[in-house]
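This report goes through a few parts of one protein structure, one topic at a time. Please keep the sequence and the 3D view open while reading.

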Amino acid sequence: MNQSRTYHLDSRNKSNSSTVLSGGNKKHTSIFNESQTTAVKNKIMVAGKRFHLIGAGGIGMSGLAALLMKNNAIVTGSDQMPTNVTENLCRLGADIKIRHDAKNLDPRTDAVVISAAIREDNPELQIALQQGCVIYKYAEMLGELMSFYEGIAVAGTHGKSTTGGWLTYLLKQAGLDTNFIIGAEINQLNASSGIADSKYFIAEACEYDRSFLNLKPKIACVLNIEQDHLDYYKDEDEIVEAFGEFARGTKSDGVVIVNGQDANVLKITQRLGDNVHYETFGMDESCDFYANNITPKEGFYAFDVYHNGQLLDRTNISLPGRHNIFNALAVVAMAVNLGLEPERVLELLGSFTGMDRRLMLKGRFGHITVLDDYAHHPTEIKASLAAIRQRYQPKRLWCVFQPHQYSRTRFLLNDFTESFQLADVTIVPEIYFVRDSLSAKQQINARILVERMQARGTEAMFIDGFGAICDYLKKNVSPGDVIVTMGAGDIWKVADEYIQWLRRNS
C-alpha cells in the first residue's frame with residue numbers, strides 16, 4: 001500500500017481524533033459530533049449508523065460491538081474463526097461472518113473498525129478503502145465512545161487488567177453499574193466487557209502505538225512506567241513522555257491517579273501543569289492514599305488505608321503479592337474520587353478474587369498445584385513468582401515460561417536473565433511470534449535466553465514443543481510442587497494438557 005493510501009493514524013502527529021485518513025488523499029470526518037458529550041446524545045448520534053468490525057471476536061473489539069449496539073447502531077463484522085464471543089455478538093443482534101471476504105462489507109456501511117491484528121492486505125479493509133468508508137483503529141473508536149461518557153482509563157506497564165477489572169467489580173458490588181472494556185476476563189463476572197445504563201465507562205489504556213492518547217477520560221490512572229514496547233518507542237524517556245501526554249489529556253474537571261512511589265510516574269506529575277489535578281497512592285506516608293500496618297494474612301495481605309493522613313479503615317485483599325497492594329490502592333483512590341464512601345469501598349475491596357490468567361489457580365491434583373499467569377515482562381515475572389511462593393509455599397516451584405515477542409526478549413534480555421531466581425526450575429519453549437519482523441526473529445531465540453539464565457545460576461532448560469514439555473513434567477514433578485505456565489502467548493495450553501493427564505492419573 002503506497003503512502004497516499006495509508007489509513008493508519010500516527011498519534012504522535014495526530015491533531016483530531018475524529019478525523020481518519022482513507023483511500024487516496026481524501027480526508028473523512030467522523031460521523032460523531034464532538035459537541036455532543038453525553039451517553040443519551042450518543043444514542044441519538046450512532047442510532048441507525050452501520051459499523052463493520054474487522055476482527056470482531058477480539059476482547060476489545062467485541063466490547064465495542066456490544067457498546068455500539070447498546071446505543072442502537074447496526075453492527076456487522078467478521079473474524080477468522082467462530083467462537084463463543086462471535087456467537088454471543090450474533091445473539092445480541094450483530095451479523096458476524098466467519099472468514100474475511102470483501103463480500104462481507106455492506107455497501108451502506110458508514111464506518112469500519114479494525115483490530116490491531118488486521119493487516120493492510122485484508123480484503124474487507126481494501127474494499128472499505130475503495131468505497132471511501134471512514135476507518136478507525138480499535139483505539140480510535142474506543143476514544144470516540146469514551147468521549148460520550150465519564151471515562152475511567154487505567155494505564156501502566158503492569159497491572160492494567162487487574163486494576164480495571166477490580167474497579168469494575170467493586171463498583172458493581174457497590175450498586176454503581178458501569179460500561180467496561182478490559183483486556184482480560186473478570187472471573188466473577190465471566191466477562192471482559194459489559195454494557196449498562198450508566199454514565200460511566202471503564203477502559204484499559206494501552207501505551208503501545210500511543211493508542212491511549214485517543215482516550216480523554218474523567219479519571220486517568222497511571223500504575224507504573226517501565227521500559228517495554230521498544231520495538232515502537234525509542235527509549236524510556238519517550239515512553240515517559242507518552243504517558244505524560246496521556247495524563248494531560250484528562251478532562252479539566254477530572255483527576256489523575258498516580259503511583260507516588262514510581263520514579264518515572266513522578267516525572268509526569270512534574271509536567272502536568274496547574275490545570276490537571278492529581279492524587280498519589282503508595283505505601284509511603286507522603287502519598288495521598290497510602291497503606292500502613294501491612295500484615296500477611298494466609299498468603300494475602302491486610303492493611304490500614306489512609307487518605308491525606310487520615311485513617312479511613314482497615315481492609316484486606318484476596319489477591320497474593322505486594323504488587324497487588326498498589327493495585328488495590330489505585331482502585332480505592334479511583335472509587336473514592338467517583339464519590340463512593342471510603343468505608344464501603346474498603347469493605348468490598350477483599351471480595352474481588354481476580355482475572356483470567358492472572359495468578360490463576362487451574363487445579364490441584366494429588367498435591368500438585370497448577371497455575372497460569374499472564375506475566376511476560378521481567379518485573380511482572382519477579383512479582384508473580386514472589387506471590388506464588390508466598391501464597392503456596394511450594395516444595396519446588398516450576399515455571400514454564402514462553403517469551404512473548406522476539407523484540408521484547410532481545411531488548412530486555414539482561415532483565416529476563418535475572419527474573420527467574422525465585423523458581424526452582426524454569427522451562428522455556430521457543431519465543432511466541434507476534435508483531436515482529438523476520439529480522440527481529442533472526443537476532444534472538446529461546447536458547448540464547450536459557451544459556452544466559454544458566455550462566456547466572458538459574459536452573460533452566462529449553463524444551464521445544466508443548467507436548468515435550470508435558471512429557472518432562474509428567475516424569476519429574478512430584479507431590480508438593482507447584483507449576484505455573486507463564487506468558488502472554490498460548491502457553492496456557494501446556495497447563496490444560498498437563499491437567500488432563502493429572503486427572504487421569506491422580
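C221 is buried, as its relative accessible area is 0%. The model is a predicted one. A disulfide needs two cysteine sulfur atoms within 2.5 Å of each other, and by this rule the structure has 0 disulfides. C221 is in no disulfide, since the nearest cysteine sulfur belongs to C287 and is 13 Å away.

What is the distance from the sulfur of C399 to the closest cysteine sulfur? That sulfur is in C470, 15 Å away, which is too far for a bond. C399 also counts as buried, because its relative accessibility is 0% and the cut-off for buried is under 20%.

## The open sheet

An open sheet is formed by 5 strands, in the order β5-β4-β3-β6-β7, and their pairing is parallel. Which strands stand at the edges? They are β5, residues 95–98, and β7, residues 134–137. Each has a single partner strand, so one side of each is left without a neighbour in the sheet. From one strand to the next, the twist averages 20°.

Strand β6 covers residues 111–114 and is joined to β7 by 4 bridges, the two strands running parallel. At V112, the bridge partner in β7 is I135.

## Helix α9

Helix α9 consists of 15 residues, 323–337. The distance from its first C-alpha to its last is 22 Å, close to the 21 Å expected at 1.5 Å a residue.

Why is α9 described as largely enclosed by the rest of the structure? The reason is that 12 of its 15 residues are buried. Among them are N324, I325 and N327, and the buried residues also include A328, L329, A330 and V331. Following α9 comes G339, which has a positive phi, near 105°.

## A residue in strand β10

S192 is part of strand β10, which spans residues 191–194. Is S192 buried or exposed? S192 counts as buried because its relative accessibility is 12%, and the cut-off is under 20%.

Leaving aside residues up to four places away in sequence, S192 touches I59, F180, I181, I182, A184 and E185.

How values were computed
Residues numbered from 1 in each chain as written. Predicted model: local features only at pLDDT ≥ 70, side-chain atom pairs only at ≥ 80, totals over all residues. Heavy atoms only, no water. Buried < 20%, exposed > 50% of the residue type's maximum accessible area, 1.4 Å probe, protein only. Contact = heavy atoms within 4.5 Å. Pairing = 2+ DSSP bridges. Axes fitted to C-alpha atoms, helices over the stretch in contact; angles between N-to-C directions. Expected span 1.5 Å × (residues − 1).
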